[in-house]
Amino acid sequence: MAKIICKNCKKETDSEKFSANLNVCPGCNFHDYLSSRERIDLTADSGSFIELFSDINSYDFLDFIDLKPYSERISEARNSGLSEAIITGTAQIGGYDTALGVMDFNFLGGSMGSVVGEKIKRIADVSLEKNIPLLIFSASGGARMQEGIISLMQMAKTVSSINRIHEAKIPYFCIITNPTTGGVSASFVTIADIILSEPDALFCFAGPRVVEQTIKKRVPSDFGLAPRNLKNGQIDMIVERKDIRETLISLLYLFTTN
Amino acid sequence: MEIEKLKNLPKSFLKEAMGFLFKIEKLRKIKNISGISFNEAEKKLTEKIDNYRRVEREALRTWKIVELSRNENRPQTSDYIKSIFKNFIAVSGDRLSHEDSSIIAGFGKLKGKTVAVIGHNKGKDLKQKIDFNFGSSMPQGYRKAVRVMDIAEKFGFPLITFIDTPGAYPALEAEDQGQAGAISNCILRMFELNVPVITVLIGEGGSGGALALAVGNYILMLENSTYSVISPEGCASILWRDSSVAKLAARALKLTSRDLFKLGVVDKIIYEPLGGAQNNPERMVKIVKGYVISILMRYLRSHNTDFRKNRAEKYESIGFFIDR
């Protein structure tokens, strides 16, 4: 039987047992990567998710070539079965209608380019039109450098879209998953009404390596991790993967019935 | 002959070009045996090398602008404030815990109208640079900016921002005090303002730390300033895994005023005195003053403009994608 080695405690687990435990190590409770599709299945009421805006696609408008052309990176990423770094749609969670965005680190490091920005804008529009709460699961290394300044502008674009949600007094919750850094941290994530974080999620603006280069010192081992972020007042609560759905249902109950 | 041409190539292209040469050598051997010509392949290699040369030339040209944008003799926010606004009063502190002097914020008069002014300041000599933290802000700096935006909104003062920062300060204490949230809340506050906002990119526009103060209705950009999602050095070390190719990264990022105007991110390029703003700072400041006054006057006359909505529409329409 196939085995998975936990990235944290290095203990071996049967891969079936590991995935039955939601990709969480049964030994040390380390929360490993979970795909956006699996996350939707885990969060939404069975069969309730309706995907929207799946046919908005990235293209290489700057002719950006580093070690590989951006166009090649896009098609390689698509081979993984994902169409972009975020899936958007509507779903019911515990019977509550919601607009949902779920990012996926496996598509170009979850980086935010024009498509991620546009999909967040459109799912915010859906949330406004239907007057239903907006939930976003974040997972991103930051802005998509291959889209240059336009990726930086997506920070402003998504903040503006969320601002319209704020104005309409529609609840917006964000669930931070590993990792959430850079331009995504410093835009739509940190202006949520309530911020949840999975255990073991790295959440920061500048990553540990960049900080180490600047201050010429090692950063503490808990740098950017959920317990430190909770202590520093940057997140509302740490919620284990198995409890996220129930926590969201409680929040939806509090915020939508009054 | 090809070897001679290769000499002047940047290191990052050498490997690829050598591969081509190797192929041609192989083809030559085949020709000796089989009589197949390799002229096509040789032509292709020559074209490739010409293309590398062109990229190299463009990269060097872009790099000159990157260097100009960082030139410490360029006029800085403090110089613009001194010459443009009368009776300027700077304010301090985030009212929570700190004063971050990398951002200058306050109020002054322009054409008899009170305006709020916020800008990053890098400093010129070493003492100043340390005082201003090289224009790299802590969360407290962005929170001070938000405080001044609040006052501007309350009293109806138009807001003018000057952008000149290598980026938000990437330090442990900045992270612990919520750098990400400080930036996003600054951006958010700018979207909430009903007063007009004019932004001038005067030097280095480094990433989120620059954007935090740059959500304007009208974006002016000095000819030799830059605005980028990441520094060329940072981009090179992440994507090329080699910080020495920063010049290539600078070219690829499209961070110059001409690129950004073409992409629709800036509204107007302000041309600089010959050779760059550092050659004639007084003249540069005067030119900028003229533009800021003319746009401010236009905004003050247009009573029906919804500046808040205008900003939302402007930024929410930015993006390039295929929508089938």
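Buried, in turn, means 20 or more other C-beta atoms within 10 Å of a residue's own; exposed means 12 or fewer, partly exposed is in between, and the C-beta atoms are placed from the backbone. The model is a predicted one, so local features need pLDDT of at least 70 and side-chain atom pairs count only at pLDDT 80 or more, while totals for chains, interfaces and linings use all residues. As for labels, residues are numbered from 1 along each chain as its sequence is written, and chains are lettered from A and ligands numbered from 1 in the order in which they are written.

Next comes the place where the chains meet. On chain A, 49 residues are in contact with 46 residues of chain B; contact means that the C-beta atoms of two residues, placed from the backbone, lie within 7 Å. Strand E4 (56-57), helix H4 (114-130), helix H5 (148-167), helix H6 (182-185) and helix H7 (208-215) of chain A each give two or more residues to this side. These names follow DSSP runs numbered from the N terminus, with at least four residues (H or I) for a helix and at least two (E) for a strand. H5(A) supplies the largest share, 14 residues. By class, the chain A side splits into 26 nonpolar, 18 polar and five charged residues; Ala, Val, Leu, Ile, Met, Phe, Trp, Tyr, Cys and Pro count as nonpolar, Asp, Glu, Lys and Arg as charged, and the others, Gly among them, as polar.

B:Ile187 gives a close-up: apart from neighbours within four places in sequence, B:Ile187 is in contact with A:Met155, A:Ala156, A:Val159 and A:Ser187, as well as B:Leu211, B:Ala212 and B:Val215.

Within chain A, seven strands make an open sheet with mixed pairing, in the order E3-E5-E6-E7-E8-E9-E10. Its edges are strand E3 (50-52) and strand E10 (237-238), each pairing on one side only. Strands E5 (residues 86-93) and E6 (residues 96-103) run antiparallel and share eight bridges, with A:Gly89 opposite A:Leu100.

Two residues of chain A show both ends of the burial scale. A:Leu252, in helix H9 (residues 244-256), counts as buried because 22 C-beta neighbours lie inside 10 Å. Leaving out residues up to four places away in sequence, A:Leu252 touches A:Ile93, A:Gly94, A:Tyr96 and A:Pro133.

Definitions and conventions. Pairing = 2+ DSSP bridges.
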